[in-house]
Amino acid sequence: MSDSELGEVFKSFCAFGAGKDAMPLMDNAKFGKLFRDLKIYTKKFTQTDTDIIFNRPEVKSKTERKINFKQFKKALQLCAEKMGVPSDTLIAKITAGKGPVAVGATKAVKAGAVDRLTDTSKYTGSHKERFDESGKGKGLEGRHNFDDKASSGYVGGYKGKDTYGSEERF
């Protein structure tokens, strides 16, 4: 239960949700997450206690929102006093635990509606002809009705195709 092991746990909870380049500073939410993820809360030591201890003047000043490692160790000493256990016992429990856990994170759900909409075997009419038996699109070959005027760049209703520049101007 050296400072380096505790420092690694501290850094892992500081970086949770912030990416790799996170500063080694912990806010109140991550301080609470540490106790919640490592299952340190009891009936006599709750989230409210960690909130109060985090904001005590011995830990940080009133204007600061995050604590560094030195302040973190002081907060752990105050938590151990509140729990009625030696601080070494609390630190040992923290260093023995795993890092932060993503609880209730959103999982990718395969939506039934999307499957039904993209299943080419259920297509009917002209849309059905645009795909082969395997479901792969045929591309332009799957579209039978080409408008020659439209494919040449002219608007479909334009009657004077190939007449530009044929008449002499005055």
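The structure is a predicted model, in which local features need pLDDT of at least 70 and side-chain atom pairs count only at pLDDT 80 or more, whereas totals for chains, interfaces and linings use all residues. Residues are numbered from 1 along each chain as its sequence is written, and side-chain values use heavy atoms, with hydrogens and water left out.

The chain contains 7 helices and 2 strands, where helices (H or I, at least four residues) and strands (E, at least two) are DSSP runs numbered from the N terminus. Along the sequence these elements follow the pattern α-β-α-α-β-α-α-α-α. Of the 170 residues of the chain, 22% count as buried; here buried means under 20% relative accessible area, exposed means over 50%, and partly exposed lies in between, with a 1.4 Å probe and protein chains only. Among the contacts in the chain with a separation of 6 or more, 49% are accounted for by residues 24 or more positions apart, a contact being defined by heavy atoms within 4.5 Å.

The largest nonpolar core has 25 residues, of which Phe 31, Phe 35, Phe 72, Leu 76 and Ile 94 touch the most other members. A nonpolar core is a set of buried Ala, Val, Leu, Ile, Met, Phe, Trp, Tyr and Cys residues joined through side-chain atoms within 4.5 Å. Two or more residues of this core come from each of helix 1 (3-15), helix 2 (28-37), helix 3 (47-54), helix 4 (69-83) and helix 5 (87-96), and helix 4 gives the most, with 6 residues. When residues up to four places away in sequence are not counted, Leu 76 touches Leu 6, Phe 31, Phe 35, Leu 90, Ile 91 and Ile 94.

Two packed helices are described by the angle between their axes and the distance between the axes. The axes are lines fitted to C-alpha atoms, for helices over the stretch in contact, and the angles run from 0 to 180 degrees between N-to-C directions. Angles under 35 degrees count as roughly parallel, over 145 as roughly antiparallel, 65 to 115 as roughly perpendicular and the rest as oblique. The axes of helix 1 and helix 4 come within 11 Å and cross at roughly 100°, and these two helices are therefore roughly perpendicular to each other. In this contact, Asp 3, Leu 6, Gly 7 and Phe 10 of helix 1 meet Phe 69, Phe 72, Lys 73 and Leu 76 of helix 4. The residues of the contact divide into 5 nonpolar, 1 polar and 2 charged, where Ala, Val, Leu, Ile, Met, Phe, Trp, Tyr, Cys and Pro count as nonpolar, Asp, Glu, Lys and Arg as charged, and the others, Gly among them, as polar.

For helix 2 and helix 3, the axes come within 10 Å and cross at roughly 140°, and the two helices are therefore oblique to each other. This contact is made by Asn 28, Phe 31, Gly 32, Phe 35 and Arg 36 of helix 2, together with Gln 47, Thr 50, Asp 51 and Phe 54 of helix 3, and its residues divide into 3 nonpolar, 4 polar and 2 charged.

Two lysine residues are buried. Lys 33, which is found in helix 2, is buried with a relative accessible area of 11%. Leaving aside its neighbours within four places in sequence, Lys 33 is in contact with Phe 13, Phe 16, Pro 100 and Val 101. Lys 60 lies in the loop between helix 3 and strand 2 (66-67) and counts as buried at 6% relative accessibility. With residues up to four places away in sequence not counted, Lys 60 touches Phe 54, Asn 55, Ile 67 and Gln 71, while Lys 60 and Lys 74, 14 residues apart in sequence, are 9.6 Å apart in space, C-alpha to C-alpha.

Other loop residues are exposed. Gly 17, placed in the loop between helix 1 and strand 1 (26-27), counts as exposed at 81% relative accessibility, and its C-alpha atom is separated by 9.6 Å from that of Pro 100, 83 residues apart along the chain. Lys 39, in the loop between helix 2 and helix 3, counts as exposed at 66% relative accessibility, and its phi is near 55°, a positive value in a residue other than glycine.
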